[in-house]
2 protein chains.
Amino acid sequence: MKSNKEKLNHAFIEFYEKLSAWELDIVKDTGLSLTLVHAVEILGAFGAMPMKTLADKVGVTTGTLTVQVDKLVGAELVERIPHQTDRRSILVGLSAKGMALFTEHDDLHLQLTTQLTATFSEQEITQLLVFFNRMNSEF
Amino acid sequence: MKSNKEKLNHAFIEFYEKLSAWELDIVKDTGLSLTLVHAVEILGAFGAMPMKTLADKVGVTTGTLTVQVDKLVGAELVERIPHQTDRRSILVGLSAKGMALFTEHDDLHLQLTTQLTATFSEQEITQLLVFFNRMNSEF
DNA sequence: ACATATAGTTTGACAATCAAACTATATGCT
DNA sequence: AGCATATAGTTTGATTGTCAAACTATATGT
């Protein structure tokens, strides 16, 4: 007999798998690659950050990211901003156009969230939010 | 002021981003590509399935998957099993070795789940499991 | 039985990725 | 201060992943 923690583990994995598949579908419609949309999503969620930090979050080397950010700059979705104190470093941040794309994407996420929690009461949503915040802080 | 549902939406995204980054780290250690580990994970979670179904879940075309499954077969992680009634179709399933890799990977997931829910009581884990099952069924 | 649809493979072109070499700047040590 | 070492980002060359389209084989519908 599986423990509830094991069941929860598999529920996490199922949730993650389904979210990944959903994200892939969405990304296909944009015409951009998964990496590019992922970068926009991260920059929208966390704000401007150095190349190295973004590369770690996206999961590629800085060499790869340089090429990808070149494309995003070409598409006018992000901007390279010189770091104020460290002249080696460059901050990558969303442009107005990039922010618009992020907002649009974020809205799709909200629609999904609405769908997933359609049967949840206000109180249950609040409870779930507390749970998620606790888990996210343990990562 | 953001509603709790909007906050929950961003908590989902944060959770997803962190899980993705964790998965990338794990995958790097295996020497296999993300797609390959992803395929093993899906086959372990859902059991053997046709190429087309697996391709959709992984998020690649069947052409790409053919090449990747060739590699997995070469590494003796999966097997191609003829479909019993449809002779066009081929089921892809984990071999004993592939199942062992999946179990190992699944155990790492369980360790992460344990970490994330370290501060949760038994009752809270049960409650969270109920929430996740409800969400997963709404996908 | 014939047209059409579907499952999977193969092929050729293209895009993404990495490791390593390189430039520029920062940091630490003596 | 000066020199060695570390770090941030870019560039390059080779490799791998990916797709679209053509192809084979089998199934389905009329």
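A residue is near a molecule or strand if its C-beta atom, placed from the backbone, lies within 6 Å of it. This is a predicted model: local features need pLDDT of at least 70, side-chain atom pairs count only at pLDDT 80 or more, and totals for chains, interfaces and linings use all residues. Residues are numbered from 1 along each chain as its sequence is written, while chains are lettered from A and ligands numbered from 1 in the order in which they are written.

**View 1. The surface near DNA strand C.** DNA strand C is surrounded by 21 residues. The closest are A:Gly63, A:Arg87, B:Pro50, B:Lys52 and B:Gly63. By class, six residues are nonpolar, 10 polar and five charged. Asp, Glu, Lys and Arg count as charged; Ala, Val, Leu, Ile, Met, Phe, Trp, Tyr, Cys and Pro as nonpolar; the others, Gly among them, as polar.

**View 2. The surface near DNA strand D.** Around DNA strand D lie 21 residues. A:Pro50, A:Met51, A:Lys52, A:Gly63 and B:Gly63 are the closest. Chain A gives at least two residues each from H3 (51-58) and H4, and chain B at least two from H4. The classes are six nonpolar, 10 polar and five charged.

**View 3. The axis relating chains A and B.** Chain B superposes on chain A by a rotation of 180 degrees with 0.0 Å of shift along the axis (RMSD 0.1 Å). In chain B, the C-alpha of B:Tyr16 is nearest the axis, 3.4 Å from it.

Note on methods:
Copies are superposed by least squares on the C-alpha atoms of residues with pLDDT of at least 70 in both. Helices (H or I, at least four residues) and strands (E, at least two) are DSSP runs, numbered from the N terminus.
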